[in-house]
Amino acid sequence: MTDRPLAMIIARAANGAIGKDGDLPWHLPADLKRFKRLTMGGAMIMGRKTFDSLPGLLPGRRHIVLTRDADWEADGAEVAHDPDAALALAGQDPAWVIGGAEVFRVFLPRATRIELTHVAATPDADTFLDDPRDLDGWEETAREDHPATETRPAFAFVTLERAR
């Protein structure tokens, strides 16, 4: 772990699902608004598949892509080939790890905060992540519950901070 604040932003269903065919397996407008609000002005660190899944460059944020492919490049992306290089590229900007599963696993030991959207559903998915609330060393410091509607499952915004 480092002294640098590093946050992760994760949307995860009750069954561990975080993705299906390169997209989220649900549509929660409130979660998308929260994602935008939290990451605006920061550096988003992501894997190549996550970058490819975006609808385009997200305005007001830097896109740092962690990839093993030495030849990969894309307009608007800053390329890093290891976690230290990704953090160096972020510089003093607030850094947000936004996915995918392998990138979350790589940065988890360095993270100081997790902004988790827990979706009370068990969708069909092809990408899964363990529940960070089950890991030692994390404390829930905030929670905002949202009830289900006719078209959307219940969900909660949960802030986890690394215990000191």
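Where in the chain is the place of Ala121? The legends below take up that residue and several other sites in this predicted model.

**View 1. Ala121 sits in a loop between two strands.** The loop runs between β7 (113-119) and β8 (127-128). Ala121 counts as partly exposed, at 22% relative accessibility. Set aside its neighbours within four places in sequence, and Ala121 is in contact with Ala13, Ala14, Asn15 and Pro153. From Ala121 to Arg62 the C-alpha to C-alpha distance is 31 Å, and the two are 59 residues apart in sequence.

**View 2. The whole chain is built from four helices and 10 strands.** Follow the sequence and the pattern reads β-β-α-β-α-β-β-α-β-α-β-β-β-β. The C-alpha trace spans about 45 × 35 × 25 Å along its principal axes. The radius of gyration is 15 Å, which agrees with the value near 15 Å for a compact globule of 164 residues. Of those 164 residues, 43% count as buried. Among contacts with a separation of 6 or more, 62% come from residues 24 or more positions apart. The accessible surface comes to about 8,800 Å², and carbon and sulfur atoms hold 49% of that area.

**View 3. Strand β3 is largely enclosed by the rest of the structure.** β3 covers residues 43-47, and five of the five are buried. In a regular strand, side chains alternate between the two faces of the sheet. Here, Ala43, Ile45 and Gly47 point one way, while Met44 and Met46 point the other way. Residues pointing either way from β3 are buried.

**View 4. β3 is joined by bridges to β4 and to β6.** Five bridges link β3 to β4 (residues 62-66), and these strands run parallel. In this pairing, Gly47 stands opposite Leu66. Between the two strands the chain passes through helix α2 (residues 48-53), and this β-α-β crossover is right-handed. Four bridges link β3 to β6 (residues 95-99), again in parallel. There, Ala43 has Ala95 as its bridge partner.

**View 5. Phe51 and Trp72 form an edge-to-face pair.** How many aromatic pairs does a search of the whole structure find? It finds two. In one, the rings of Phe51 and Trp72 have centres 5.6 Å apart. Their planes meet at 85 degrees, so the pair is edge-to-face. Phe51 lies in helix α2, and Trp72 in the loop between β4 and β5 (77-80). The pair therefore ties together parts that are 21 residues apart in sequence. Are these two residues buried or exposed? Phe51 is buried, with a relative accessible area of 12%. Trp72 is also buried, at 15%.

**View 6. A cis peptide bond joins Gly99 and Gly100.** Its omega angle is about 0 degrees. Gly99 falls within β6, which covers residues 95-99. Gly100 lies in the loop between β6 and α4 (101-107).

**View 7. Asp21 has a positive phi value.** What is phi of Asp21 near? The angle is near 55 degrees, in a residue other than glycine. Asp21 lies in the loop between β2 (17-19) and α1 (29-39). With a relative accessible area of 62%, Asp21 is exposed.

Technical notes. Residues numbered from 1 in each chain as written. Predicted model: local features only at pLDDT ≥ 70, side-chain atom pairs only at ≥ 80, totals over all residues. Heavy atoms only, no water. Buried < 20%, exposed > 50% of the residue type's maximum accessible area, 1.4 Å probe, protein only. Pairing = 2+ DSSP bridges. Right-handed = clockwise from strand over helix to strand, strands pointing away. Phe/Tyr/Trp six-rings, centres within 6.5 Å; stacked < 30°, edge-to-face > 60°. Rg over C-alpha atoms; globule rule 2.2 N^0.38 Å. Contact = heavy atoms within 4.5 Å. Areas by Shrake-Rupley, 256 points an atom, 1.4 Å probe, with all protein chains shown as cover.
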